[in-house]
Amino acid sequence: MKLNRRTFIGTSLATGAALATPALAQAKPKVVVIGGGTGGATCARYIAKDSEGAIDVTLVEANPVYTTCYFSNLYLGDFRTFDSLQHGYETLAQTGVTVVTDMATGVDRDAKTVTLASGDTLSYDKLVLSPGIDFVEGSVNGWVEAEHDQIMPHAYKAGPQTTLLKEQLEAMPEGGTFVMIAPPNPYRCPPGPYERVSMVAHLMTKINPTAKIMVLDPKPKFSKQGLFQDGWNRHYAGMIEWVGPDFGTENITVMPETMEVDLDGEMIQADVVNVIPGQMAGKIAGIAGVTEGNWAPVMPDDMKSKIDENIHVLGDASAQGDMPKSGFSANSQAKVAAMAIRGELTGSRVFPAKYSNTCWSLLGVDDGVKVGASYESNGEKIASVGSFISQVGEDAALRKATYEESLGWYAGITSDIFG
Amino acid sequence: MMPMARKTICAAVCAAVFAAAPFATPATAAEIGDPEIGAKVFKKECSKCHQVGEEARHRIGPILNGIFGRGAGAHDDFKYSKGMQRMSADGLTWTLETLDAYITNPRALVSGTRMSFKGLKDDEERFGVLAYLRGYSDDPQNIPEAEPTALSSAVHVPPEVLEIIGDAEFGEYLSSECTTCHQADGSDEGIPSIVSWPEEDFVVAMHAYKQELRPHPVMQMMAGRLNDEEIAALAAYYATLD
């Protein structure tokens, strides 16, 4: 039998197709991680490091350099430089992670592909979403992110927003008024807004001691409230006024054009306004179709999406139960997810999930406090099983040690994440 | 050759026993109770005097919203018995343990309380009520210091702990929690290095935290939920680093 050219091509194509399945099965499994923040970078690094090259890990992050939200308040208070908050991905790349500086714009869960803003497509066996937060449109009357974030910054995603707020604070007229619109629950970093107030107050005692600070809070209660209010009285007596829902904080409108805030009919003339809006999972989680309401529900044992078994959602974007939305939590969750993903893709040992969180806050010079808890799966959610908190009236040496501990934690977690 | 052979056998047996352990005893936190059972019991036994929920008001007894983590007798707008006021001054705080004791037998915990209730002796009913009430207190997601919502699975295994041969591979996994604060390269900035400690010192220190003899709350929390094998595994792993 004579093989003509056409037959030959047809045969080889058919053979190629027949070989495709076993060839794919032997190929390295692919993990794509969207979001190079604390959850995503930790997860990518741990999978790459622990699988020792057996898994192909790609991290997609829009920014070439990451700025941590934690400790960004300390920059506002002049305790840290902005540079000290920034971390590159070079070491992560050396660990074997392919770092792609691009924005993920789409997820096709049937085809198991991710589309990037550049038009490229990445295929995955397991997808990790760690997109952090976005803001709920319309959650603060009168404030639209795209139009007003340069006038009334949120500074709740660290980066240019953080430096903008610092510039505004430094330029505030003598005796001026700083107003913070605090966010409703749940939001990233429960003590964060109140640490920020402490740090702004510290800055003002140095550069603008007659300045006034007003916190308009839709919540009746906030984390470490007793500790913060005690610290504010001790360090910044008379400077800070916290206003809760008893005084109409559920009915607030901001006016960026005139820098006024309407508090239930009472007009407040402000010089700097920090609007921290209501929050939701980073938009890509919604685009991927793994959210219910504002957040992405996950299984408590491995952070796997309750909607798609090939997707894990980490950190602030996830609805997992009792853990606060914090960098510490995201780092803790990322390690559990990394272990589970390696187990599924390479058969490595999988141990029971353990989670923990600690949040340190700085009240003033050498005056650090902390709150923390441990968590376990109860089958339905990640449940709090024990907690601790600093006490009002602790001596100065303990508070100083707590602050130094927080510096050690920052050095530790950033080296754990970025290598 | 003898000592080495013996050690090898022991290590092999220990590893085999331990390999199965994580799957045999998954770390699943226990529910406080069934809140649905609790809702029914609350309606029948408690609701004549107490209200809970958005529309709740003080009745014969005070509102029970937010009771977990709150001090006894803390509502300014409710007139408590002298007994409850005394407990308030003594610093009684409502936790799972103290509320459980109070609901089991009110007068046993607070002499002279006006809560004229015989007590709920049935465990399922009582834990159900506690679970139901927990749902009306602070959410730890928003207030991380809030009272726990479940009971830890942490097991306390008795002595001979220094005999346990640690599983360094497991220790490496567990160490991912430690590296959040204690740097793997032994750097020491505000948080001490835990690299290349003698294994025994490591084990003893961790048990001292677990028993709350050493005072640091983060370490008490971390050590408190590690079992003896896990502590030994961590000690074995950290001893290998330099």
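**Exercise 1. The five-stranded sheet of chain A**

Determine the strand order of the open sheet of 5 strands in chain A of this predicted model, and state which strands form its edges.

*Solution.* 
Step 1. The strands of this open sheet are arranged in the order 5-2-1-9-20, and their pairing is parallel.
Step 2. Strand 5 (98–101) and strand 20 (311–313) of chain A pair on one side only, and these two are the edge strands.
Step 3. From one strand to the next, the twist averages 20°.
Step 4. Within the sheet, strand 1 (residues 30–34) and strand 9 (residues 126–129) of chain A run parallel and are joined by 4 bridges. V33(A) has V128(A) of strand 9 opposite to it.

**Exercise 2. Helices lying across the sheet**

Identify which strands of chain A helix 2 and helix 10 of chain A lie across, and give the angle for each helix.

*Solution.* 
Step 1. Helix 2 (residues 38–51) of chain A lies across strand 1, strand 2 (56–61) and strand 9 of chain A. The angle between helix 2 and strand 2 of chain A is about 165°.
Step 2. Helix 10 of chain A lies across strand 1, strand 9 and strand 20 of chain A, and runs at about 170° to strand 9 of chain A.

**Exercise 3. A closer look at helix 10 of chain A**

Describe the length of helix 10 of chain A, explain why this helix is called largely enclosed, and characterise the residue just after it.

*Solution.* 
Step 1. Helix 10 of chain A consists of 20 residues and spans 28 Å from its first C-alpha to its last, which is close to the 28 Å expected at 1.5 Å a residue.
Step 2. A residue is buried if 20 or more other C-beta atoms lie within 10 Å of its own. Of the 20 residues of helix 10 of chain A, 16 are buried, so the helix is largely enclosed by the rest of the structure.

**Exercise 4. The three-stranded sheet of chain A**

Work out the order and pairing of the open sheet of 3 strands in chain A, and explain why its edge strands each have a side without a neighbour in the sheet.

*Solution.* 
Step 1. The order of this open sheet is 14-15-16, with antiparallel pairing.
Step 2. Strand 14 (252–255) and strand 16 (266–269) of chain A are at the edges; each has a single partner strand, so one side of each lacks a neighbour in the sheet.
Step 3. The twist from one strand to the next averages 20°.
Step 4. Strand 14 and strand 15 (residues 260–263) of chain A run antiparallel, joined by 4 bridges. T253(A) has D262(A), in strand 15 of chain A, as its bridge partner.

**Exercise 5. The two domains of chain A**

State the domain bounds of chain A and describe the contact between the domains.

*Solution.* 
Step 1. The domain assignment divides chain A into domain 1 (28–132 + 282–418) and domain 2 (145–278).
Step 2. Their C-alpha centres are 27 Å apart.
Step 3. To the contact, domain 1 of chain A gives 27 residues and domain 2 of chain A gives 30 residues.
Step 4. On the side of domain 1 that touches domain 2 of chain A, helix 3 (72–76), strand 22 and strand 23 of chain A each supply at least two residues. By class, the residues of this side are 14 nonpolar, 9 polar and 4 charged.

**Exercise 6. The organisation of chain B**

Summarise the secondary structure, burial and domains of chain B.

*Solution.* 
Step 1. Chain B has 10 helices and 2 strands, in the pattern α-β-α-α-α-α-α-β-α-α-α-α along the sequence.
Step 2. Of the 242 residues in chain B, 35% are buried.
Step 3. The domain assignment gives domain 1 (31–151) and domain 2 (155–240) of chain B. The centres of these domains, taken over C-alpha atoms, are separated by 37 Å.

**Exercise 7. Where the chains meet**

*Solution.* 
Step 1. The contact involves 45 residues of chain A and 38 residues of chain B.
Step 2. Helix 11 of chain A provides the largest share, 10 residues.
Step 3. The side of chain A that touches chain B comprises 20 nonpolar, 17 polar and 8 charged residues.
Step 4. In helix 7 (residues 168–178) of chain B, the buried residues are F170(B), G171(B), Y173(B), S175(B), S176(B) and E177(B).

Notes: Residues are numbered from 1 along each chain as its sequence is written. Chains are lettered from A and ligands numbered from 1 in the order in which they are written. This is a predicted model: local features need pLDDT of at least 70, side-chain atom pairs count only at pLDDT 80 or more; totals for chains, interfaces and linings use all residues. Two residues are in contact if their C-beta atoms, placed from the backbone, lie within 7 Å. Ala, Val, Leu, Ile, Met, Phe, Trp, Tyr, Cys and Pro count as nonpolar, Asp, Glu, Lys and Arg as charged, and the others, Gly among them, as polar. Two strands pair if DSSP finds at least two bridges between them. Axes are lines fitted to C-alpha atoms, for helices over the stretch in contact, and angles run from 0 to 180 degrees between N-to-C directions. Domain bounds come from an automatic or database domain assignment. A residue is buried if 20 or more other C-beta atoms lie within 10 Å of its own, exposed if 12 or fewer, and partly exposed in between; C-beta atoms are placed from the backbone. The expected span of a helix is 1.5 Å times one less than its number of residues.
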